[in-house]
Amino acid sequence: MLSQIFKKNRAEEFPDDLWGKYVLPLNYAQFNLLHETKGVKVVGGRGTGKTMYLKYHAYNTQLSKQRMLITEDNINTIGIYWKPDTHFVQLINKSYLNDKWDAVFNTYVALSLMMKFLEFIDVFLDSNYHDEDTKERLKNFTVPKDFSEELNINQEVLLIELKERIRGFLFKLQNWLHNPIKDFLFYLDGKATIEYIIQIWKDNNFFKKTTFHIFIDEFENLREEHQKIINTWMKHGASPLIFSIAYKKHAYVSDNTTSKEHTQGRNDHRIIDLVDDVYAKTDDDFKLLSAEIIASKIQEYDSQYKIVDNDKISSEEEVKYRRSIEYKNKMIEFVNSIFPSLRYGEIAALVMSDKTLKNKLIKNIKLALKTKNSTLKDSYFYDDDFPEASVVNGTLLFRTRTKPEELKKLFNDYKKAGVQSPSVTAYKEQISNALVGSILYIYISFPQRICPIYAGFERFCLMSRNNLRHLLELCYQSFVELENSNNLEQKPIKVDFNLQAKAAKFCSRQELDTISELGSYGKDLQKIANRLGIIFSLKQKIKTQSKPENIHFSVETHSLETIDEKFNILLHEAKLWNVLQEFDGTTKDTSDSISTKEFMLTPILAPYYKISMRKIHKIVFKPDEIKTIFLKSDTEFDKLYKKFVKEWKIENAEDLGLFGENY
Amino acid sequence: MWRFRNIKTYFNHDEVSLEKDTIAYHGDFLLDDRGKYVQSLLNKFVEKKIYLKYDENDFLFLVNENNTENKLSKFDLKNKLLKQNISHSVVIDATTLSFAEILFLLSDLNKIKDVQNIHILYVEPSEYKFLNSSITTYDEFALSDKLQQFPPLPGFTINTELEHVELVAFLGFEKQRLGQIFSSEEVIYDNFIPIIPLPGFSPGWENRTINNHLKFFDPRYRFSNVKYVSANNPFQTLKILEKLAAARKCFRVAPIGTKPNAIGCAVFLVNNENNDETNFGALYDFPVKSKNRSSGVGKVHIYNLFKID
């Protein structure tokens, strides 16, 4: 089934060898971890592909069996990916082990990394590395006595047999930690042990020119005292042994090292932000990357498609080829054909051709005319041949400044192709500004309808906003819908926009549901997301659609820190788990001149709340209002909600239940 | 090794009685109605009451005896507290203690020769707190204010870097507790075995559990099969774990459902504590329990355990 290929969307579900599966970002040259000569810090939010990125740089992919020829140049740097068991490692701490904790942590890391280094040897021996003689020597290489004695091994042991021994010691260490009263068998230094192994190899003419670069994932889940030790190794890392770390963006991690007098400067290490620097420096970068990922997966399902070359997507040498305009266009075009979308104008036309939706528009126009005591006929304001203007007229008429007579004339001028005047130009601009809001305004009255603005590859990109996992989930659910509609046999593959929109709504609801599971304050985050969604949705019901399309907000304060301690904890958690995305204040909404930060609700929630996923106009909350949204009881929030209903003159707000499946 | 001798269940609260000359370990009485009931019960029958609270961050116990507070290292629990009190018959109040305290008490009492027999008390509520503001369609329950990121339990923490690990989770109402295990993105379990409390404390309660966890019963979470165990039967819990352990050597148990299921898990883990052949760990999230999380007092259970070699 096609859907099954898209179902896997977590790095942990993929094999360690990602050759041919990992699509290299186009600007990869600057972000090849294997070219780094010092440790780096890799940051990325949940679902942004952090683990995949690291694993691409590790030996399983480097020495992939699918790479037919591996030369010495290919092993100038060997990446070692290590994800500690962060649940287990929490046990190694001062409260539990007293002063021994440090030695125990070092021993744990030394043993775990040794396992990784010895796994590397296995993979190396199995790989297509050109020099069989080296492999043969390595197979028969005996661990020097000095080293095996460190490990309490008193007999000769081959390097390739050492892994099982080390695994045994790790077991012993685990069990010793159950009752750590006496001393452990031996203690090792984390960094020095690995350096020792590397030295032994080099002394024996193995990996003479190789630098080993260790990537430690989930750094934020280590204890602070562990982080300091690793920071120290990182600071002093140099060829042939470098340490790098990866953690969730916004996570609190220690910058300190173990030596008290030298605090590690933030700038000591390069920080690579996976989203902002690598995957989505521009929206176009993210779009192309997404298109290639989708195309390569579809090819995995049906090899008749020859869109991407799986040998090329993981290869640094081929990035140049993928940078050509023709290639880009071909990709985007292909994925657009799988997930076609309707342009906003086409959606307006759909409104005009759908009896129910059109009636709603006419009803709105009539109501607006009545409010303005105008005797003009409603039919002056809509015309099936001019759907965009018609749909927007339905909201413009409600605006205080709009005079029905003038709008009627404008609409007529607009319809006559030749008429060019400043007012027609301004009218056209109004149409383009209010179109999406006006479309949503009509759809929001019909709980059963899902607006087609949520369908289409490029809209999927907008909704997933640099989150690859969300993108793949949207594709997955779309294919599930396709399969359920029994249209799978249809070639070429194409998912109808209605099915896509249905899938988007499903993903949206699913993500809202998942928020409650994120971190210690998941339920609070879900409540906050829901309340914001409800408010944006309420705003979407404003008849005038002035400043439409709200999915982000700011707070009218110079300093968010002063609002409330719990508020700041929750705001931080919301950023950490990507429920809110933070931006520097750029939106030119004049009502707010003092706040410096803006926060966007994760746009995957847009279909659930029937709001726009585009960051266009923001709502500026007062500190008290945001406090209510984040912290107060449902009763208090209900009061706030009613206040907005009044302020925004929403008449049909009672249609909304505050809770439950009314969105 | 602990074995169950019998389980007594009382429908009439007046009939409940405990042995004389008993020492009881308990937690916070004031959380809900049944806590207060336990307090009155212990006041009536018990010689000596000792309050215990395990601090998962500092690996120590807060002990309160006759209003005297004391801190004890995890390693000192056996010698400095339990051994001092072996002349008494022992009652562990599982209503107010959490999984962690029950686990460590069972583990350390298991190592004290003179203790051969213990009683575990558990009082069911008549209803759990229902959170009205259900955002998604199904019922949400407000039983915990905050969840911790599964701090390790000394003696019962296994390293998943060593081998493939399966997850056995005893489910309750709060889906977040399971969801957190999966969303923390650390370990992908080789197999996920959810265990539903059926029959539940009250008819129909199992549906709450199933509804709230339905999305996890999917191959994406390496789900293969649901198993059932009576909500208030730790003996059955132990049996089901022993059966699972016969076929697999390495799994983590997450007692994130009913307390009687958690008791069964604790007995299983303690019985396998020093087994070199197997590798079983626990995952527990130390929920900060909401005040008045349940209401009313339901059935009362007394589980009697004895030791075999």
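**Figure 1. Domains of chain A in the predicted model.** Chain A is divided into four parts: domain 1 covers 28–253, domain 2 covers 284–338 + 456–503, domain 3 covers 344–443 and domain 4 covers 516–655. Taken over C-alpha atoms, the centres of domain 1 and domain 4 of chain A are separated by 44 Å. Contact between domain 1 and domain 4 of chain A involves 5 residues of domain 1 and 5 residues of domain 4. On the domain 1 side of this contact in chain A there are 1 nonpolar, 2 polar and 2 charged residues.

**Figure 2. An open sheet of 4 strands in chain A.** The strand order is S7-S8-S6-S9, and the pairing is mixed. Strand S7 (580–584) and strand S9 (617–621) of chain A lie at the edges, each pairing on one side only. On average, and with direction ignored, neighbouring strands of this sheet are turned by 35 degrees against each other. Strand S6 (residues 550–555) of chain A pairs with strand S8 (residues 597–601) of chain A in the antiparallel sense, over 2 bridges. Within this part of the view, Met600(A) in S8(A) is the residue opposite His552(A). Strands of a sheet pair through backbone hydrogen bonds, in either the parallel or the antiparallel sense.

**Figure 3. Crossing of helices H25 and H26 in chain A.** The axes of helix H25 (residues 522–539) and helix H26 (residues 565–576) of chain A come within 10 Å and cross at roughly 85 degrees. H25(A) and H26(A) are therefore roughly perpendicular to each other. From H25(A), the contact is made by Asp524(A), Leu525(A) and Ile528(A). H26(A) contributes Leu570(A), Glu573(A) and Ala574(A). By class, the residues of the contact of H25(A) with H26(A) are 4 nonpolar, no polar and 2 charged.

**Figure 4. Strand S12 of chain B and the strands it pairs with.** Strand S12 (residues 166–171) of chain B is largely enclosed by the rest of the structure, because 5 of its 6 residues are buried. S12(B) pairs in the parallel sense with strand S15 (residues 250–256) of chain B, over 6 bridges. Here Val253(B) in S15(B) is the bridge partner of Val168(B). S12(B) also pairs in the parallel sense with strand S13 (residues 192–197) of chain B, over 4 bridges. In this second pairing, Phe170(B) is placed opposite Ile195(B) of S13(B).

**Figure 5. Helix H4 of chain B and the contact with chain A.** The contact takes 31 residues from chain B and 37 residues from chain A. Helix H4 (residues 175–183) of chain B gives the most to the side of chain B that touches chain A, with 4 residues. By class, that side of chain B has 11 nonpolar, 14 polar and 6 charged residues. H4(B) is mostly covered, with 8 of its 9 residues buried. The buried residues of H4(B) are Lys175(B), Gln176(B), Arg177(B), Leu178(B), Gly179(B), Gln180(B), Ile181(B) and Phe182(B). In chain A, the buried residues of H4(B) pack against helix H24 (497–515) and H25. In chain B, they pack against S12, helix H5 (205–213) and S15.

Methods:
Residues are numbered from 1 along each chain as its sequence is written. Chains are lettered from A and ligands numbered from 1 in the order in which they are written. This is a predicted model: local features need pLDDT of at least 70, side-chain atom pairs count only at pLDDT 80 or more; totals for chains, interfaces and linings use all residues. Two strands pair if DSSP finds at least two bridges between them. Axes are lines fitted to C-alpha atoms, for helices over the stretch in contact, and angles run from 0 to 180 degrees between N-to-C directions. Domain bounds come from an automatic or database domain assignment. Two residues are in contact if their C-beta atoms, placed from the backbone, lie within 7 Å. Ala, Val, Leu, Ile, Met, Phe, Trp, Tyr, Cys and Pro count as nonpolar, Asp, Glu, Lys and Arg as charged, and the others, Gly among them, as polar. A residue is buried if 20 or more other C-beta atoms lie within 10 Å of its own, exposed if 12 or fewer, and partly exposed in between; C-beta atoms are placed from the backbone. Angles under 35 degrees count as roughly parallel, over 145 as roughly antiparallel, 65 to 115 as roughly perpendicular and the rest as oblique.
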